[in-house]
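Here is a friendly walk through one model, written to be read with the coordinates open beside you. Where shall we begin?

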Amino acid sequence: MDELTRARVDNLISLRQSLLMLLPVLIGGTIGLFFISGYTAARIVFAVLGIYFIIILARSLCGTIIEINQILYKKEKAEWKMWLK
């Protein structure tokens with residue numbers, strides 16, 4: 001593996017680890033909103049935003065994992081990648 005590919009894989013692995021650390025915090029915060037009493041309108045808005053960002057981060061995490069696998073295992077056009085687009 002050449003140095004450029006190694007650097008790219010290292011950056012993708014760092015991105016994956018960052019996303020994996022951020023996702024549980026976001027999920028916990030979104031679930032925690034449902035245990036707060038009062039401020040119903042604000043809770044609903046923040047819960048919807050939290051769910052939206054959870055979906056965005058999960059898709060980004062899946063895309064990063066797919067890209068790492070494609071680089072490491074030289075898979076060009078995987079059938080299961082199509083659902084991300």
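Which residues does Leu61 touch, not counting residues up to four places away in sequence? Leu61 touches Arg16, Leu19, Leu20 and Leu23, where a contact means heavy atoms within 4.5 Å.

## What you are looking at

This is a predicted model, in which local features need pLDDT of at least 70 and side-chain atom pairs count only at pLDDT 80 or more, while totals for chains, interfaces and linings use all residues. Residues are numbered from 1 along each chain as its sequence is written, and side-chain values use heavy atoms, with hydrogens and water left out.

The protein chain has two helices and zero strands. Both kinds of element are DSSP runs numbered from the N terminus: helices are H or I with at least four residues, and strands are E with at least two. Of the 85 residues in the protein chain, 21% are buried. Buried means under 20% relative accessible area, exposed means over 50%, and partly exposed lies in between (1.4 Å probe, protein chains only).

## The two helices

Helix α1 covers residues 3-33. Its 31 residues should span 45 Å at 1.5 Å a residue, and the end C-alpha atoms of α1 are 45 Å apart, which agrees. Helix α2 covers residues 40-73. With 34 residues, α2 reaches 49 Å from its first C-alpha to its last, close to the 50 Å expected at 1.5 Å a residue. The expected span is 1.5 Å times one less than the number of residues in the helix.

Between α1 and α2 there is a loop, and Tyr39 sits in it. Tyr39 is not a glycine, yet it has a positive phi of about 50°; at 70% relative accessibility, Tyr39 counts as exposed. After α2 comes Lys74, whose phi is also positive, near 55°.

## How the helices cover each other

The buried residues of α1 are Val9, Leu12, Leu19, Leu23, Thr30 and Leu33, and what covers them includes α2. In α2, the buried residues are Ala47, Gly50, Ile54, Leu57, Leu61, Thr64, Ile66, Ile68, Gln70 and Ile71, and their cover includes α1.

Leu61, in helix α2, is buried with a relative accessible area of 9%. The C-alpha atoms of Leu61 and Ser18 are separated by 9.4 Å, although these residues are 43 apart along the chain. Thr30, in helix α1, counts as buried because its relative accessibility is 6%. Leaving out residues up to four places away in sequence, Thr30 touches Ala47, Gly50, Ile51 and Ile54.

For the chain as a whole, take the contacts between residues at least 6 apart in sequence: 65% of them join residues at least 24 apart.

## A salt bridge between the helices

How many salt bridges does the count come to? It comes to one salt bridge, defined as a side-chain nitrogen of Lys or Arg within 4 Å of a carboxyl oxygen of Asp or Glu. Glu67 forms a salt bridge with Arg8, and their closest N and O atoms are 2.5 Å apart. This pair links distant parts of the chain, with Glu67 in helix α2 and Arg8 in helix α1, 59 residues apart. Glu67 counts as partly exposed at 27% relative accessibility, and Arg8 counts as partly exposed at 45%.

## The surface and its aromatic pair

The protein chain exposes about 6500 Å², and carbon and sulfur atoms supply 68% of it. Accessible areas come from the Shrake-Rupley method with a 1.4 Å probe; for residues, only the protein chains shown count as cover. A nonpolar surface patch of about 590 Å² is made by Val45, Phe46, Leu49, Tyr52, Phe53 and Ile56. For such a patch, residues need over 30% relative accessible area and no salt bridge, and nonpolar side chains (Val, Leu, Ile, Met, Phe, Trp, Tyr) are joined within 5 Å, whereas like charges are joined within 9 Å.

The model also has one aromatic pair. Rings of Phe, Tyr and Trp (its six-membered ring) pair if their centres lie within 6.5 Å; planes under 30 degrees apart count as stacked, over 60 as edge-to-face and the rest as tilted. The rings of Tyr52 and Phe53 have centres 5.4 Å apart and planes at 65°, so the pair is edge-to-face. Tyr52, which lies in helix α2, is partly exposed at 48% relative accessibility, and Phe53 is partly exposed at 43%.
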